[in-house]
Structure formats: structure tokens, C-alpha cells
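Please keep the sequence and the structure in view while reading.

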Amino acid sequence: MDLELTGKRALVLGASRGLGKAIAQGLAAEGAIVFAAARSVDKIEAWSVGMDGVHAVRLDLSNLTAVDKTVDKLLQDGGVDIIVNNGGGPPPGTAQSADRGDWISHFEAMAANLFHLTNRLLPAMKERKWGRVISITSSGVEQPIPNLALSNGIRSAIVGWSKTLANEVAGDGITVNVVMPGRIHTERVDELDAAASKRTETPVEEVAKKSRATIPAGRYGKPQEFADVVTFLASNRASYVTGSRIRIDGGAIKSI
Ligand code: NAD
């Protein structure tokens, strides 16, 4: 299947490692011109050695001025066709331990600044009558994950935003979707397992084994398995998929 991604311009946020990196690589492999953004451009430059069409962009999503500068530069060249809203996850913690300041600062970096960035890039997509907005959230929006209160709460707001936007721009040839990773084996998952190991005073291998046992597939997903679905959603072939939430979780969510 030709995904017809050649020459499409894609902005992938949080692309120095993990899911963002795998998505950026997947899109570039299909011929897209990828603006891979993160705080550490050196990491992007390291993984993109020898790859065509990948441009490293230094961007801290918690800094609105930096977000606006990045958007200004992209708009000078006509904007982008594809936005992959992704970034760092918040720290673990209970609902009772998250204070007001935590909610505000993480909401800004994980949601408000991405909504703003998307709104600024949308008019150019509308003019071309083609666009893709894909937000990476978490299976926690369907089945809240214990001790990840900030993630469960903020990502649920992203789902509401995404569905509202999908309805507004469907007539402009722009699709807007949410993708929900279950447990995909990235550094972040290793960090969460390490935190759980410390909290429960259980060896980390034991924590990971228990976690894998809750997944019908019996294993964590691979970043490429996740990126392949996102690459398809970003493509011309997924033109009738919009306003959806797509799970990539090896069956981990228990409901239908
Ligand atoms: P990760 O922590 O490995 O990667 C996050 C990326 O975002 C990195 O490139 C990091 O440098 C970048 N980033 C963090 N803060 C940033 C900032 N302020 N500005 C710009 N870039 C920033 O996480 P991951 O495993 O690749 O997951 C990606 C997202 O999906 C995270 O938000 C994570 O919480 C969420 N998620 C992942 C899983 C999973 O199984 N991997 C499951 C549920 C949710």
C-alpha cells in the first residue's frame, strides 16, 4: 500500500526518544519531511544520522515563547501537513498528592501549549484542504491508571479537545485523532517500572513481569508497532478516520 506520504511536511513533538522518535522515523521512512522537535536536538541529530528529510528542532513545550517561535518558522515555509502532538509524561503520583501548581504547569506543557500550536498551524492546512492532527495520550483515558493522576486527568482533556476539533475541521479534509498507548517499551516505561519497584520495594524484573502478565499479548509493545499505526493515520489512506481514539495496547484495556 502506498501511504502517499512523500513530500508531506510533518511536525513530530517529543521526538528525541521513545514513541516520538519511532513516529518521526516511520514518517521519514515513508518519504515525509519531518520536523522532529524536542529539548535535546543532539539526540535527534544522533538518531537521524544518514536519514533523509529529518530536521531537528530545539523546542521546550513548556515555554510558550519557544512554541510560538517554532510555529513562526514553520509558517514561513507554508506550515505543516501533519502534527503529532506528543511530549513528556507527568510524574507519577496520586490524585491527593497532586497540588494545584502541578495541574497548572503540566496542563500547560502537555495540553494548552499544544492546543495553541495546533490552532496556529491549522489555517494553512485548511487552505490546502488536507491535514492530520494526531495526539498521543494513554490507555489511562479509558481505564485510569493508579498513581498516574496527572496523566489520567490531563490526557482526558486532550481527548475532549481532539473530538471537538475533529468535528470542526472534518469538512476541510483534516482528520483529528487520538492514539492511546498501553505499555510500549520505551525509556519512560522503564522509568515507571523502576519507580514502582522503589515504591513497592519489589525487584524491577518482578514489577515488569507482573505488568506484562496483565496484557493479553503477554509482552510490552515495540515502539515501531506503535509508530506503524500512527504513520498509517497520518497518511492519505486514513482519510475517513477522524474523531477516533485508537488503542495500541496488546489487548490491555479490559472493556470493548
Ligand atoms: P518518553 O519519556 O520516552 O519520551 C518523551 C519525549 O518527549 C522525549 O523525547 C522527551 O525529550 C520529550 N519531552 C519531554 N518534555 C518535553 C518538553 N517540555 N518539551 C519538548 N519535549 C519534551 O515517553 P514515551 O514512552 O515515548 O511516551 C510518549 C508519551 O506517551 C509520553 O507523554 C508518555 O507519558 C505517553 N505514554 C507512553 C506510554 C508507553 O507505553 N510508552 C504509555 C502511556 C502514555
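Helices (H or I, at least four residues) and strands (E, at least two) are DSSP runs, numbered from the N terminus. The model is predicted: local features need pLDDT of at least 70, side-chain atom pairs count only at pLDDT 80 or more, and totals for chains, interfaces and linings use all residues. Residues are numbered from 1 along each chain as its sequence is written, and side-chain values use heavy atoms, without hydrogens and water.

**The second largest pocket**

- A pocket is an open set of points on a 1 Å grid over the protein atoms alone, where a 1.4 Å probe fits, with protein on both sides within 12 Å along at least five of seven lines; lining residues have an atom within 4 Å of a point.
- Helix 3 contributes the most to the lining of the second largest pocket, with 5 residues.
- Strand 3 (54-58) and helix 3 (64-76) each provide at least two residues of this lining.
- Among the lining residues are Arg9, Phe35, Val57, Lys69 and Asp77.

**Helix 4 and helix 5**

- Helix 4 (residues 100-128) packs against helix 5 (residues 149-169) at an angle of about 20 degrees, with the axes 10 Å apart; axes are lines fitted to C-alpha atoms over the stretch in contact, and angles run from 0 to 180 degrees between N-to-C directions.
- Helix 4 is therefore roughly parallel to helix 5, a term for angles under 35 degrees.

Notes:
Parallel < 35°, antiparallel > 145°, perpendicular 65-115°, else oblique.
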